[in-house]
Amino acid sequence: MTKKQSIYTSADQLDFTISDLQAMPVPSEVLMVKPTYFDVEYVINPHMKGHVGRVDKMQAQNEWEHLADAYEEHGFRVHMLDGMRGMPDMVFCANQSLPFIDTDGTRKVIMSIMHAEQRKKEVDAIEAWYRTQDYEILHLDPEKVSDFEGMGDAIWHFRRRLLWGGYGFRSSIEAYEEVSRLLDTPVIALELVDDKFYHLDTCFCSLDEKTVLVYPDAFTNEGMKLIHALYKNVIEATSYEAEKLFAVNAACPDGKNVFIQQGCTDVNKKLRDAGFAVHEFSTYEFIKSGGSVFCMKMMLWR
Ligand SMILES: NC(=O)NCCC[C@H](N)C(=O)O
């Protein structure tokens, strides 16, 4: 596909369909950061309010282990990185980077520029791990980009070279000009309008090439038009399940199996009706910090 434009912010700019885009392999490995030092120590999103010092560490460890086991049971190799003292949010390892595989098989990663001061030092810790993994490491120009929180906001279309990029709270739209240039990939930029859905991964879950799970009120009308223009099936979560159960912060690592927080009855029925297998997990301790299944891992290519 010859790209006329790299960043798309409205549906009338679209000059391609999904089938015009190059294919991208599905990741086969997962990075998870152990929750040893996970806690709620500060408030940088609305979900953390009232939860400072209230994490049940033992329960968090159990929840994390069940999730890690599930990736292994589904055939993914899981890299488990030690958490670090003083970095209570490092366990949300979707946020410090955006990995990528090039058309020639080169593995690259763009390191984040965290918006929250409290989380900035996590990026060096994750970068040090990528250095042991033969990834080409790329950095955004801090003169041009103030913030970009990796796969919290930048989500690959399943199996296609197209990036969906949320902006407004933790990442700025300028980041996507840089990301698009560095990865030579078009980006659909979606403005986020509700601070309870401060990362794209709280309101947009790419399930397969044709299907996405969203919480519509987190987007502008134009954003929803873009989503409907490129996805045949748009599954919508209710406000209760999206906000209280983080239903949309689910993960569908293989286009078939959806890993999701327990109790999302309405979304689960819609997922099953659409042909997906649903696997429920308790992530209540992590929801206290504003995260759930999706942001507790990073998908990687081997
Ligand atoms: N949604 C995500 O991608 N990550 C969850 C991050 C939670 C963390 N307490 C934060 O506010 O940055």
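Reader: What makes residues count as being in contact with I44, and which are they, leaving aside its neighbours within four places in sequence?
Author: Contact means heavy atoms within 4.5 Å. In this predicted model, D89, A116, Q118, R119 and R170 are in contact with I44, once its neighbours within four places in sequence are left aside.

Reader: Where is the place of I44?
Author: I44 is in the loop between strand 2 (29-33) and helix 1 (57-73).

Reader: Why is I44 called partly exposed?
Author: I44 has a relative accessible area of 23%. Buried needs under 20%, and exposed needs over 50%. The value for I44 falls in between, so I44 is partly exposed.

Reader: How far apart are the C-alpha atoms of I44 and P253?
Author: They are separated by 28 Å. Along the chain, I44 and P253 are 209 residues apart.

Reader: What distances apply to R170 and S289?
Author: For R170, a polar side-chain atom lies 2.8 Å from an oxygen atom of the ligand. For S289, a polar backbone atom is 2.8 Å from a nitrogen atom of the ligand. The protein covers 100% of the 350 Å² of accessible area that the ligand has on its own.

Reader: In which cavity does the ligand sit?
Author: The ligand sits in the second largest cavity. To sit there, more than half of its atoms must lie within 2 Å of the grid points of that cavity.

Reader: Next, K108. Why is K108 called buried?
Author: The relative accessible area of K108 is 14%. Buried means under 20%, so K108 is buried. K108 is part of strand 5 (residues 107-111).

Reader: How do you know that the side chains of K108 and D102 make a polar contact?
Author: The two side chains meet at 2.6 Å. The limit for N or O atoms is within 3.5 Å. D102 is also in the contact list of K108, which leaves aside its neighbours within four places in sequence. That list includes L98, P99, F100 and Y135 as well.

Reader: Why is S112 called buried?
Author: S112 has a relative accessible area of 7%. That is under 20%, so S112 counts as buried. S112 lies in the loop between strand 5 and helix 2 (122-131).

Reader: Which backbone oxygens does the side chain of S112 reach?
Author: One is the backbone oxygen of N95, at 2.7 Å. Another is the backbone oxygen of F148, at 3.5 Å. The cut-off is within 3.5 Å. S112 also touches residues including Q96, S97, V123 and E149, not counting residues up to four places away in sequence.

Reader: Why is M87 called buried?
Author: The value for M87 is 12% relative accessible area. Buried means under 20%, so M87 is buried. M87 is found in the loop between strand 3 (77-81) and strand 4 (97-101).

Reader: What does M87 touch, not counting residues up to four places away in sequence?
Author: M87 touches Y37, K121, E122 and A125 on that count. M87 and D102 are 31 Å apart in space, C-alpha to C-alpha, and 15 residues apart in sequence.

Reader: Are R159 and F246 buried, partly exposed or exposed?
Author: R159 has 39% relative accessibility, between the 20% and 50% limits, so R159 counts as partly exposed. F246 has a relative accessible area of 2%, under 20%, so F246 is buried. R159 lies in the loop between strand 7 (154-156) and strand 8 (163-167). F246 is in the loop between helix 5 (239-244) and strand 13 (257-261).

Reader: Why is R181 called exposed?
Author: R181 has a relative accessible area of 52%. Exposed means over 50%, so R181 is exposed. The place of R181 is in helix 3 (residues 173-183). R181 and D20 are 19 Å apart in space, C-alpha to C-alpha, and 161 residues apart in sequence.

Methods: Residues are numbered from 1 along each chain as its sequence is written. This is a predicted model: local features need pLDDT of at least 70, side-chain atom pairs count only at pLDDT 80 or more; totals for chains, interfaces and linings use all residues. Side-chain values use heavy atoms; hydrogens and water are left out. Helices (H or I, at least four residues) and strands (E, at least two) are DSSP runs, numbered from the N terminus. Buried means under 20% relative accessible area, exposed over 50%, partly exposed in between (1.4 Å probe, protein chains only). A polar contact is a pair of N or O atoms within 3.5 Å; within protein, one must be able to donate a hydrogen and the other to accept it, and residues adjacent in sequence count only if both atoms are side-chain atoms. Accessible areas come from the Shrake-Rupley method with a 1.4 Å probe; for residues, only the protein chains shown count as cover. On a 1 Å grid over the protein atoms alone, a cavity is a set of points where a 1.4 Å probe fits but cannot get out, and a pocket is an open set with protein on both sides within 12 Å along at least five of seven lines; lining residues have an atom within 4 Å of a point.
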